Amino acid sequence: MGVPEKRDSDSGHSPSDDEKNVGLDAGGFQNLGHGELPPDPDAGLSAEERAIIDRRLLWKLDLRLIPWLCLLYLISFLDRTNIGNARLAGLEDSLNITPGQFNAALSLFFVSYSLAEPLTNVLLKRLRPSIFIPAIMLLWGICMTLMGLCTNFGGLMAARFFLGLTEAGLFPGINYYLSCWYRRDEFGIRAAVFFSAAAVSGSFGGLLAAAIQNMDGIGGLRGWAWIFILEGIVTVLVGIASFWMVFDFPDLATFLSDVDRQRVIRRLKADQQSSAEHEEFRMEYFWASVKDWKTWLSAVIYMGCVSPLYAFSLFLPTIINGLGYTSTRAQLLSVPPYAAAAVLTVAIGYLADRTHQRGLCNLCVSIFGIVGFAMLLSAESPGVQYAGTFLGALGIYPCIANTITWVSNNTEGVYKRGVTLGFVIGWGNLNGVVSSNIYFAKDKATGYKVGHGVVFAYLTLFLTGGSALQYVLLKRENAKRRAGELDHTVAGMSAKEIEALGDTRPNFLYTL
């Protein structure tokens, strides 16, 4: 019996002699010239056959990458925000800490988290995703587990500091990682599905906390301690599994055949993505990000939605409890707003990918949040205020994923994109310090007007105002490039040199 002929899983036919001779093995793409395409494994196929192969390839990528990464972020967001659920389960009384000290513990997380973020994407690229992401998960899982054994304010502060330090690499890292796999008009829906895990974690976290706090007294530990311990152990176990479940970048990913690897690289280069190129880190990429006005305006927009996000997710159980509901019922009532936000996040990701109008999506969605927090500020009825939390969630969560995708779409170059995402997300998360210090127990009688007012201001000034300004500036810049006003800046340069300019080259059009 002869040896069975090898078939290409995506095209469904045996490779031709030409196809057999053009393969590049893992890592071989580093030898391609800048802007040079790898050989086309589908040469000679019709447009219809190519479209079928492309859909199958995209489906393979989605199944291998998205579900596990969503699980990782669900766990990450659960671990950083479950302290709000633990508070309702008696954390402050057990550790004998004041509301001010509780807010200080929340703030310290964001300090270490934000300071570490700008460098994490460089480490991700140098250490490889399959090593870096599982390693940081193990470390923050240990921190989370030990948080359940804290006996005083100092122990809680230390645990929160190291939790922020070890979690810092996940969110910017995975967004950067996914942007290196998908075309610009495909990334938004994937980023939205990925980030919807944060909303799901809010729903799941409330249900889980309501169940776990019933373990109060088991093993001599309070219910809040069991919330931290059990969720921390789950993080450690998932971190260990991630050494086998997280893959490297396209040129080294082991689940791709050589032919599929060529297809992935070709489709990225056809999308004019420098992310498909192999780059060695140089400080000029860092400074290119620092000097780019889009980096800092994007950071302002991002802080306009992420600061309200943290205020919302950390204090929603407290806000609902303040409406007169019991601890367990407040945990359960925090579930529906998150579920609604998860659905809208995915819907906006799909819409923005199809329309290429990310700025307009931000502007339209932010109105929900502004109206929601206006209701929380002005209404007296608990029912109306609870409805305001729904609108608040709908106006915040979709803008997070949409803004990160907007940044990724408009930043070219492997390291520049990584550094830019680090700065944008790091600055946004530093504003978590503000989020941690705007809802005080003394404000319960007045309906937390100060906290709601600060969130309302962030949504109005930074998210809505920043998105409008960036939309106008990018539209103006695209008009200049279409009119050829910047063509003189590349006069005399080779095609390779022009390609290396990334998003500053005159033929690069920004996503609005």
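The model is predicted: local features need pLDDT of at least 70, side-chain atom pairs count only at pLDDT 80 or more, and totals for chains, interfaces and linings use all residues. Residues are numbered from 1 along each chain as its sequence is written, and side-chain values use heavy atoms, with hydrogens and water left out.

**Overall make-up**

The protein has 20 helices and zero strands. Helices (H or I, at least four residues) and strands (E, at least two) are DSSP runs, numbered from the N terminus. Of the 512 residues, 57% are buried. Buried means under 20% relative accessible area, exposed means over 50%, and partly exposed lies in between (1.4 Å probe, protein chains only).

Contact means heavy atoms within 4.5 Å. Among contacts with a separation of 6 or more, 81% join residues 24 or more positions apart.

**Two helix pairs**

Two packed helices are described by the angle between their axes and the distance between the axes. Axes are lines fitted to C-alpha atoms, for helices over the stretch in contact, and angles run from 0 to 180 degrees between N-to-C directions.

| Helix pair | Angle | Axis distance |
|---|---|---|
| H2 (residues 47–88) and H6 (residues 153–167) | roughly 155° | within 11 Å |
| H16 (residues 382–409) and H17 (residues 414–430) | about 150° | 10 Å |

The angle makes H2 roughly antiparallel to H6. An angle over 145 degrees counts as roughly antiparallel. H2 passes H6 in a left-handed crossing. A crossing is left-handed if the near helix is turned anticlockwise from the far one by less than a right angle, and right-handed if clockwise. Ser-76, Asp-79, Arg-80 and Ile-83 in H2 touch Leu-156, Arg-160, Leu-163 and Glu-167 in H6. Three of these contact residues are nonpolar, one is polar and four are charged. Ala, Val, Leu, Ile, Met, Phe, Trp, Tyr, Cys and Pro count as nonpolar; Asp, Glu, Lys and Arg as charged; the others, Gly among them, as polar.

H16 and H17 are also roughly antiparallel to each other. Their crossing is right-handed. From H16, Ile-404, Val-407 and Ser-408 meet Arg-417, Thr-420, Leu-421, Val-424 and Ile-425 in H17. This contact has five nonpolar, two polar and one charged residue.

**One residue**

Thr-355 lies in helix H14 (residues 335–355). Thr-355 is partly exposed, with a relative accessible area of 36%. The C-alpha atoms of Thr-355 and Leu-512 are 9.5 Å apart, though 157 residues separate the two along the chain.

Conventions: Parallel < 35°, antiparallel > 145°, perpendicular 65-115°, else oblique.
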